[in-house]
Amino acid sequence: RPAPAPRPDAEPRLHVAAALACTAFLEATVQYHDLSTARKKDKALVCIPSGVTVGDVRGIFLAWGEQHKNDKKLMAELPVNGVMRALYIKYPCKQK
C-alpha cells in the first residue's frame, strides 16, 4: 500500500526542517575544519572572513554545485568535500 500524500500544510514545515538541517551541516563543517586545524596546528584550508554568514556559505556551496553539476566524479563525493572545495575557492588562506 502506498504511503499517503503529505498534507499541504506539512510542506512548509518540511522546508523549515530541511533548512535547519542544511544550516547545521554547514556550521558543523566549518567548525570541524577550524577546530581540527587549530588542534593539530595545521595550516587552515580556508580562511573565512568575519561577517560571512551561514547564508553566504550556503550560497557559495550551491553556486559551486551548480557550476559542477555535470562532473560525475565531484558529484559522487561526500557533500562535505564539496563544501570545503567551494569555500577553498572563495576563501583560500593567504600564504605567509
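I counted a contact wherever heavy atoms lie within 4.5 Å. With that criterion I looked up cysteine 93, which touches Lys43, Ala44, Leu45, Val46 and Cys47 when residues up to four places away in sequence are not counted.

The model is a predicted one, in which local features need pLDDT of at least 70 and side-chain atom pairs count only at pLDDT 80 or more, while totals for chains, interfaces and linings use all residues. Residues are numbered from 1 along each chain as its sequence is written, and side-chain values use heavy atoms, with hydrogens and water left out.

**Entry 1. Overall layout**

I took helices (H or I, at least four residues) and strands (E, at least two) as DSSP runs, numbered from the N terminus. On that basis I found 4 helices and 0 strands, and the pattern along the sequence reads α-α-α-α.

I then looked up how the chain folds back on itself. Among contacts between residues at least 6 apart in sequence, 68% join residues at least 24 apart.

For surface I used accessible areas from the Shrake-Rupley method with a 1.4 Å probe; for residues, only the protein chains shown count as cover. The chain exposes about 7600 Å², and carbon and sulfur atoms supply 61% of that area.

I called a residue buried under 20% relative accessible area, exposed over 50%, and partly exposed in between (1.4 Å probe, protein chains only). Of the 96 residues in the chain, 22% are buried.

I located cysteine 93 in the segment after H4. Its relative accessible area is 12%, so cysteine 93 is buried.

Not counting residues up to four places away in sequence, alanine 44 touches His33, Thr37 and Cys93.

**Entry 2. Histidine 33**

Is histidine 33 buried or exposed? I found histidine 33 buried, because its relative accessible area is 6%. Histidine 33 lies in helix H1, residues 11-40. Leaving aside neighbours within four places in sequence, I recorded its contacts as Ala44, Leu45, Val46 and Met84.

**Entry 3. Helix H2**

H2 covers residues 54-67, and its 14 residues reach 20 Å from first C-alpha to last, close to the 20 Å expected.

Which residues of H2 are buried? I listed Val57, Ile60 and Trp64. They cover an arc of only 60° around the axis, which means that they sit on the same side of H2. The arc is that of the directions from the helix axis to the C-beta atoms.

For the 12 residues of H4 I noted a distance of 17 Å between the end C-alpha atoms, which agrees with the 16 Å they should span. Gly82, Val83, Met84, Ala86 and Leu87 are buried in H4.

Isoleucine 89 is also in H4, residues 79-90, but its relative accessible area is 60%, so isoleucine 89 is exposed. I found it in a nonpolar surface patch of about 340 Å² together with Leu45 and Tyr88. Patches are made of residues with over 30% relative accessible area and no salt bridge; like charges are joined within 9 Å, and nonpolar side chains (Val, Leu, Ile, Met, Phe, Trp, Tyr) within 5 Å.

**Entry 4. Salt bridges**

I defined a salt bridge as a side-chain nitrogen of Lys or Arg within 4 Å of a carboxyl oxygen of Asp or Glu. How many salt bridges does the structure hold? I counted 2 salt bridges.

One joins the side chains of glutamate 66 and lysine 69, at 2.7 Å from N to O. Glutamate 66 is partly exposed at 49% relative accessible area, and lysine 69 is partly exposed at 47%.

Another joins arginine 85 to glutamate 77, with the closest N and O atoms 2.8 Å apart. Arginine 85 has a relative accessible area of 36% and is partly exposed; glutamate 77, at 22% relative accessibility, also counts as partly exposed.

Key:
Expected span 1.5 Å × (residues − 1).
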